[in-house]
Amino acid sequence: MSIQKYSVNQHPIQTILTWIQSGEIAIPEIQRPFVWDAAKVRDFVDSLYNGYPVGYIIAWRNPDVRLKDGTKATGKRILIDGQQRVTALMASLLGKEIIDKEYRKRRIVIAFHPVEMRFEVSNPAIQKDKQWIPDIAEIFHANFSLLSFIDEYCANNTDYNKDQVFKNIELLKGIVNNHIGLIELNSDLDIDTVTEIFIRINSQGVVLSQADFAMSKIAVNETYGGNVLRKAIDYFCHMAVAPEFYRQLVDLDKDFTQTEYFQKMAWLKNENDDLYDPSYTDMLRVAFTFKFKRGKLQDLVALLSGRNFETRDYEEEIAKNSFETLSLGIKDYMNENNFKKFVMIIRSAGFIDSSMIRSQNALNFAYALYLHLREQKVNQALIETWVRKWFVLSVLTSRYSGSPESQFDFDIKQFSVNPEKYLQNTIDAELSDAYWKLRLPQQMDTSVSSSPSFNVFLAAQVKMNDKGFLSKGITVQDLIALKGDVHHIFPREYLKKQGYNRGIYNQIANYVMAQSEINIAIGAKAPNVYFNELLEQCNGGKLKYGSINTMEELNKNLAMNCIPLSIATMDASKYNEFLEERRKLMALKIKQYFTML
C-alpha cells in the first residue's frame, strides 16, 4: 500500500508572502541570482490577474531537532521548489530588489494599463505615458489609497470610465488574495527520501541536484551562519571567473566584506588563472569529502539537519558541529596558499589549460586529497607526487565518471587509513603492464578529441617539453597556450577522398599539435608525398615545412610526437597499420611520463 508523503493545501498569496517575511518559510534562493527575465515576471503576474493556474510551490519542514535539554525544536519550512515564482511576486508586487546574473541589485518593474488590462515591463516611454501605471508595486504599498489614486488617474485621463478603472485596479490589488498551491512534504520523512524527491523536481527543464538541496539547507540556517556561508560559496565561484566582481562586491554587500570569508577570498581580485574555476557543487564536494571523509552529498544534508546515523534521531549538537566543520572546510578550500599550490601541482603534471581537463570530479577529488594530506601534515614533496599521480590515474581510467559520489566516499576513507599504501595498491591494480600494453592502446581507438587518453598524452608532451609536429622551436606547450588546433598527420581531406569516414580519419592517433602554417603547407598530401619533400628539406633543400633541416632533428621530432619512422613511405593503404603502431608508441610515452610524476 502506497503512503502519501505530502499534503496539498491552497493558501492566499498574501499568506505565503507574510510567512516569508516573518521567517516561517525560508527561501534559500532569495539572495542568489534571479534567473527569470523581466518578460517572464510580466507573464506570471498576468496569469495571476486572469486567474490562470501558476503551479505549486513545494516546501519541507525541517525534521524536529532534539535540543540539549531533551526537548524538540520545530524547524522552518524550506521552500525547495518555487523560489523563482515567489521571488517574482516579491519583486513585482512588493518592489523588492533582486540579484541579477551579474550579482547586481536591481528592480524588475511591471507596468499596468488599467483600461486595456495589459501588463508590460516598464520602460521610459511607459513611465511618461499617463495612461499607464508605471509600477504596480505602488498599488500594493501599505499607504496606497485606491480612491485618491482613481481620482488622480481619471483627472489625467478624462476619456476613461471611472468605474471601469476602479474595477480593474481593484482586481489587480486583489491578486494577493488569489490562492496558490502549497505541497508540503511530511516532516517525518527521512533525509534520503526528501533528497530523492528534491532532485526529481523539474520545474525549468533542469533537474535539481543533491548539491542544490545542500545549498538550500545551508542558506536557511541563520543560527549557525549558513546564510553567510552560502554567500561565501557563491561569491567565491563568481569572483574566480570574474575577478572584477571584487569591487562590485565591496559595494554590493558591505556586511559580507567584514567576514573572515571575504578576507579568505580577497586574493581572487588579482587572479586570472582559469585552470580551475569551481562551481558551488565543486566547492561543496571538495570541502565535504575533505573534512567529513564522506563522498555522498545527501549525507551532508543529513548532517546539517543534525542526523545521528546510529540512532536515526536529529540532534542540535550534530547540526552545530556539522556547520562549523563545513565552514572550516570551505575556508581551507578558499585559502590562497592551498588553492594556488594545488593548481601549481596540476600544472606541473602538464595540464596547463582548462581544455585539457574534461573530468571536473577528478580535479575535485585531487584537491580534496591535497587538503587531506596537508591536514595530516604529510611532507609537501610527497603531497605533490601523490596528488599528481592520483589525478593522472583518475583521468586515464575515468575513475569518477560512473558513480562519482560512491567512488569519492570509498577513496577518501582508504586514503584516511594509509595513503601511500592505497595509492601504490591502486596503481598496481589499475595501471599494470597489461594496461600499458593492451588496454590503453585500445582506449585510444576513438575519434573523440576530448578523450582522456589524448589529453594525458598532451600533458606528457608538455611535461617532457616536446616540440610541435615538425617544429624546431615551438613547443606543444606553446601551441596549447596559444589555443592552437590539433591537426591530422594523415590529412583529413586526403583520407576523405580515399573513402574513409569521419570516425576513421578523426582517430586521436591521427592527431598532433602543429603550427597552422605547417598544416597549411601539408594540405591534402599523402604522408609519403610530403615526407619525401621533408627529406629533401633535410638534405639542403628548400624549407617548406617548418625549419627542421637535418635528419637528426627530424627523427628526434618524430620520436617525441610518437610517429613511427615508417610514416615516410605510407599512403592511405597503410593508414590502419599506422594507427595501431602509433597508439602503442603513445601508450609507452604516457607510461614513461607517469613514472616522472
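Mentor: Happy to; we will start with the helix pair, go on to a hairpin and a lysine, and end with the whole chain. Please keep in mind that this is a predicted model.

Let us begin with the helices. Two packed helices are described by the angle between their axes and the distance between the axes. Here the pair is helix H2, residues 38–49, and helix H3, residues 83–93. Their axes are 10 Å apart, and the packing angle is about 90°. Angles of 65 to 115 degrees count as roughly perpendicular, and H2 and H3 are therefore roughly perpendicular to each other. On the H2 side, the contact is made by Val 41, Phe 44, Val 45 and Leu 48. H3 contributes Arg 85, Ala 88, Leu 89 and Ser 92. Sorted by class, this contact of H2 with H3 has 6 nonpolar residues, 1 polar residue and 1 charged residue.

Now for the hairpin, which is formed by strands E9 and E10 with 4 residues between them. E9 covers residues 110–113, while E10 covers residues 118–121. The two strands run antiparallel and are joined by 4 bridges. In the turn, Met 117 has a positive phi of about 50°. If you follow the side chains of E9, Ile 110 and Phe 112 point one way, and Ala 111 and His 113 point the other way. All four of these E9 residues are buried.

Lys 331 is found in helix H14, which takes in residues 316–334. Buried means under 20% relative accessible area, and Lys 331 is buried because its relative accessible area is 15%. Leaving aside residues up to four places away in sequence, Lys 331 touches Glu 260, Tyr 261 and Lys 264.

Finally, let us step back to the chain that holds these parts. The chain has 28 helices and 13 strands, and 52% of its 597 residues count as buried. Its C-alpha trace spans about 100 × 65 × 55 Å along the principal axes. Of the contacts with a separation of 6 or more, 69% come from residues 24 or more positions apart. The accessible surface comes to about 27,100 Å², and carbon and sulfur atoms account for 47% of that surface.

How values were computed. Residues numbered from 1 in each chain as written. Predicted model: local features only at pLDDT ≥ 70, side-chain atom pairs only at ≥ 80, totals over all residues. Heavy atoms only, no water. Axes fitted to C-alpha atoms, helices over the stretch in contact; angles between N-to-C directions. Parallel < 35°, antiparallel > 145°, perpendicular 65-115°, else oblique. Contact = heavy atoms within 4.5 Å. Nonpolar A, V, L, I, M, F, W, Y, C, P; charged D, E, K, R; others polar. Buried < 20%, exposed > 50% of the residue type's maximum accessible area, 1.4 Å probe, protein only. Pairing = 2+ DSSP bridges. Areas by Shrake-Rupley, 256 points an atom, 1.4 Å probe, with all protein chains shown as cover.
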